[in-house]
Amino acid sequence: MNGIKRILGVVWILLGLATAYFGIYELGIPKFASGNQEDLVFGIIIMIILTPIITGGLLIFGKYALSGEYDN
């Protein structure tokens, strides 16, 4: 079971990197470039608030699972 937890740690880290890419390049930057005020507000919320929280949480969780913090 501990081996599965370590493997899932790598999965969480990769998922954190994928959410960082998706949050910045797919959601954040296109909203800034559109020019609409509603899109600008949404882009700011995504880029400054949500992306760091989600990415940081996934990366930290993956780091702890990979290092064995969740072992019995």
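Author: A residue is called buried when its relative accessible area is under 20%, exposed when it is over 50%, and partly exposed in between, with a 1.4 Å probe and protein chains only. The model is a predicted one, in which local features need pLDDT of at least 70 and side-chain atom pairs count only at pLDDT 80 or more, while totals for chains, interfaces and linings use all residues. Residues are numbered from 1 along each chain as its sequence is written, and side-chain values use heavy atoms, with hydrogens and water left out.

The protein chain contains two helices and zero strands, where helices (H or I, at least four residues) and strands (E, at least two) are DSSP runs numbered from the N terminus. Helix α1 covers residues 2-34, and helix α2, the part you asked about, covers residues 37-67.

Setting aside residues up to four places away in sequence, D39 touches K31 and S34, a contact being a pair of heavy atoms within 4.5 Å.

M47, also in helix α2, counts as partly exposed because its relative accessibility is 26%. Beyond its neighbours within four places in sequence, M47 is in contact with G23, I24, G28, I29, F32 and P52. For one of these, G23, the C-alpha atom lies 6.7 Å from that of M47, although the two residues are 24 apart in sequence.

T55 is a further residue of helix α2, and its relative accessibility of 11% is the reason why T55 counts as buried. Leaving out neighbours within four places in sequence, the contacts of T55 are G16, T19 and A20.

R6, which sits in helix α1, touches A65, L66, S67, G68 and D71 when residues up to four places away in sequence are not counted. R6 and D71 are separated by 65 residues in sequence, yet their C-alpha atoms are 9.2 Å apart in space. R6 has 34% relative accessibility, so R6 counts as partly exposed.

An annotation record can be set beside this picture. In an unreviewed entry, UniProt lists residues 7-28 and 40-61 under "transmembrane region"; such positions use the numbering given here, feature names are shortened, and annotations may be inferred rather than shown by experiment. Over residues 40-61 the chain is 100% helix and 0% strand, with end C-alpha atoms 31 Å apart, and over residues 7-28 it is likewise 100% helix and 0% strand, with end C-alpha atoms 30 Å apart.

For the whole chain, the C-alpha atoms fill a box of roughly 50 × 15 × 10 Å along the principal axes. The radius of gyration is 16 Å, whereas a compact globule of 72 residues would have one near 11 Å; the value is taken over C-alpha atoms, and the globule rule is 2.2 Å times the number of residues to the power 0.38. Of the 72 residues, 19% count as buried. Among contacts between residues at least 6 apart in sequence, 66% join residues at least 24 apart.
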